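Trainee: Can you walk me through this one? I'd like the packing, then the charged pairs.
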Amino acid sequence: MTDSREGQIRIVIIPGSVREGNYTDKAVALVADEIGKYGDIKLEVIDMMALDLPLPGQQGDLASLKHFRDTVASATGVIFATPEYHGSFSALTKLAIENLGFPSVLAGKPVALLGVAAGAIGAIKSLEQLRGVCSHVGSIVLPAPVSVAGVQRVFDDQGNCTDEMIDKRIRHVATNLIDYINDHICPGIGLEEIVRTSDH
């Protein structure tokens, strides 16, 4: 009930990898599956390969860029999912943020974070840095980001998570964001609608 045009919660997931068979997409699939259990939520997983986002200072495809910004701008909440590369989040994730404008359309939006890594300590470093960047552009970064360590051992060839506890933690990215939206955003929108109605 947060979008006045559709009366529906809208969640956008921005994956940070386009490598074929990547583990980020496998983790995103679990989050998307969890969101799908809520019949009244509209979900869009951004196809980063199709976007062909321009590098900073380049013009790129203006129509594609506008669609990307409009999609994120209309979202009630956003999920960033990134692999950890060389101790940081992916360049693709940073490129997505760079292309969301200044002031950023992420400003004021709740953002949940998910990171995957092959190493034993997971994506802790990348999530710390991503939290800082998202906060800097004005988003509301939710606590309890989820870091998955040893990700190559967590999923089988079909993309199934082989560890029940990790499966639950990854899905918590979705429920954490949805709970925040229901507790903190929906009541405010409902009050706004009541006030608006009473003025007529």
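Trainee: What do the buried residues of helix 3 pack against?
Mentor: They pack against strand 1 (9–15), strand 2 (41–45), helix 2 (48–51), strand 3 (77–85) and helix 4 (91–98). Helices (H or I, at least four residues) and strands (E, at least two) are DSSP runs, numbered from the N terminus. Buried means under 20% relative accessible area, exposed over 50%, partly exposed in between, with a 1.4 Å probe and protein chains only.
Trainee: What kind of model is it, and how is it numbered?
Mentor: This is a predicted model: local features need pLDDT of at least 70, side-chain atom pairs count only at pLDDT 80 or more, and totals for chains, interfaces and linings use all residues. Residues are numbered from 1 along each chain as its sequence is written, and side-chain values use heavy atoms, with hydrogens and water left out.
Trainee: Back to helix 3. Which residues are buried there?
Mentor: S64, L65, F68, T71 and V72. They cover an arc of only 130° around the axis, so they sit on the same side of helix 3. The arc is that of the directions from the helix axis to the C-beta atoms.
Trainee: And what is exposed on the other side?
Mentor: A63 and K66.
Trainee: How far does helix 3 reach?
Mentor: Its 12 residues reach 16 Å from first C-alpha to last, close to the 16 Å expected at 1.5 Å a residue. The expected span is 1.5 Å times one less than the number of residues.
Trainee: Which residue does K66 form a salt bridge with?
Mentor: D70, with the closest N and O atoms 2.6 Å apart. A salt bridge is a side-chain nitrogen of Lys or Arg within 4 Å of a carboxyl oxygen of Asp or Glu. K66 and D70 both lie in helix 3, 4 residues apart, about one turn of the helix.
Trainee: Which ones involve E34?
Mentor: One is with K37, at 3.0 Å, N to O. R171 also bridges to E34, and the closest N and O atoms there are 3.0 Å apart. R171 lies in helix 6 (residues 164–198) and E34 in helix 1 (residues 23–35), so the pair ties together parts that are 137 residues apart in sequence.
Trainee: New topic. Where is S88?
Mentor: In strand 4 (residues 88–89). Its side chain makes a polar contact with the side chain of Q129, at 2.7 Å. A polar contact is a pair of N or O atoms within 3.5 Å; within protein, one must be able to donate a hydrogen and the other to accept it, and residues adjacent in sequence count only if both atoms are side-chain atoms.
Trainee: Last one. Where does A117 lie?
Mentor: In the loop between strand 5 (110–116) and helix 5 (124–136). A117 counts as buried, at 7% relative accessibility.

Technical notes: Contact means heavy atoms within 4.5 Å.
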